[in-house]
Amino acid sequence: MKKSKLFMGLGALALVGVLLIAADHIDAPGVTNTTADIADFYAFEPTEGSDNTVFAVDLQTSVLPDLAYGTFDENVLMEINIDRTGDLVEDLVIQAIPRDGKMYFFGPVAPSETGLNGTVMVDSPLGAVDISAETAIVETTADGVSLFAGPRQDAFFFDFFQFNEVIGGTAPLGFKPAGDPNTTDDDDDTAVDTFDGANTMSIVIEIPNSMLGETSAVNVLQLPVYKTWVTTNVKQ
C-alpha cells in the first residue's frame, strides 16, 4: 500500500475512563453520504477482568433502512488520535483504511507529523479484517487485538424532523419526550427516532492497554485515562 498525503476532515472527542460521546449527525454537507462523515465516537474503559480498551467509530449517518448498507470510501483514512501526556497533541495514532473489501489497520504508533496532515503508517501494520455485510466478521490478531468493520444499527436517538421545526420556529413547545419503547402506537406528543433502523458504517477496535503505553492520568479506580479523538482524512 502506497503512503498517501492526507488532510483532516472532521473530528470527535472522547475520554477513555469517563466515557464521553461526541455526535455529529447529518450536518456537514461537504461530507454527507460518505464515510468521511463522523457520526459518533465511543471509547470504553476496561471492564472487570480485562485490560483492554475498546474504540468504536460510527461513520456515514445517512444509511437509511431502505438503503440497507453503505460503503467505506477508499480515499478516506480513519484515524484515532491518543494523547498520553495531557497536552492535547496526539502521541499515538491508530489508523484504518479500506482496500478491496478489507479494512487495514495500522498502529498504535507515533505519527509522522501531528495536527492536520499525516500519512498512512504502512510500516506499523496492526491487522486486517474483511468488511462485514449481512454477517458480522471479527478478526483477532496474535497480539490480542480484535477488529471489526461494517454496518451496524445507529445507536443515536434523535427526532430530526422536530429539530428542524424547533430551529424554524414552528414548534412552540420545543422538543418532545421519548415515547414508551415497548409500544408501537403513534403519538403526536412523543418524539420519533429518525434513525430507528438506520445503519452507520462502524469500525471497532479492542486493544490491550499494554499496546497503548503509559498515561499521565488515571481515574478513581486507578485505571488509565487517555484523551482521544477521531479524525477522518481525505486523500489530497
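**Aromatic pairs**

Modeller: Start with Tyr-42, which counts as buried at 14% relative accessibility; buried means under 20% relative accessible area, exposed over 50%, partly exposed in between (1.4 Å probe, protein chains only). This is a predicted model: local features need pLDDT of at least 70, side-chain atom pairs count only at pLDDT 80 or more, and totals for chains, interfaces and linings use all residues. Residues are numbered from 1 along each chain as its sequence is written, and side-chain values use heavy atoms, with hydrogens and water left out.

Colleague: How many aromatic pairs does a search of the whole structure find?

Modeller: Rings of Phe, Tyr and Trp (its six-membered ring) pair if their centres lie within 6.5 Å. Planes under 30 degrees apart count as stacked, over 60 as edge-to-face and the rest as tilted. The search of the whole structure gives two.

Colleague: Why is the pair of Phe-41 and Phe-55 stacked?

Modeller: The ring centres of Phe-41 and Phe-55 are 6.4 Å apart. The pair is stacked because the planes lie at 20°.

Colleague: How many residues apart in sequence are the parts that this pair of Phe-41 and Phe-55 ties together?

Modeller: Phe-41 sits in strand β3 (residues 38-44) and Phe-55 in strand β4 (residues 52-63). Strands here are DSSP runs (E, at least two residues), numbered from the N terminus. So the pair ties together parts separated in sequence by 14 residues.

Colleague: Is Phe-55 buried or exposed?

Modeller: Its relative accessible area is 1%. Phe-55 is therefore buried.

Terms used. Helix = DSSP H or I, 4+ residues; strand = E, 2+ residues; numbered from the N terminus.
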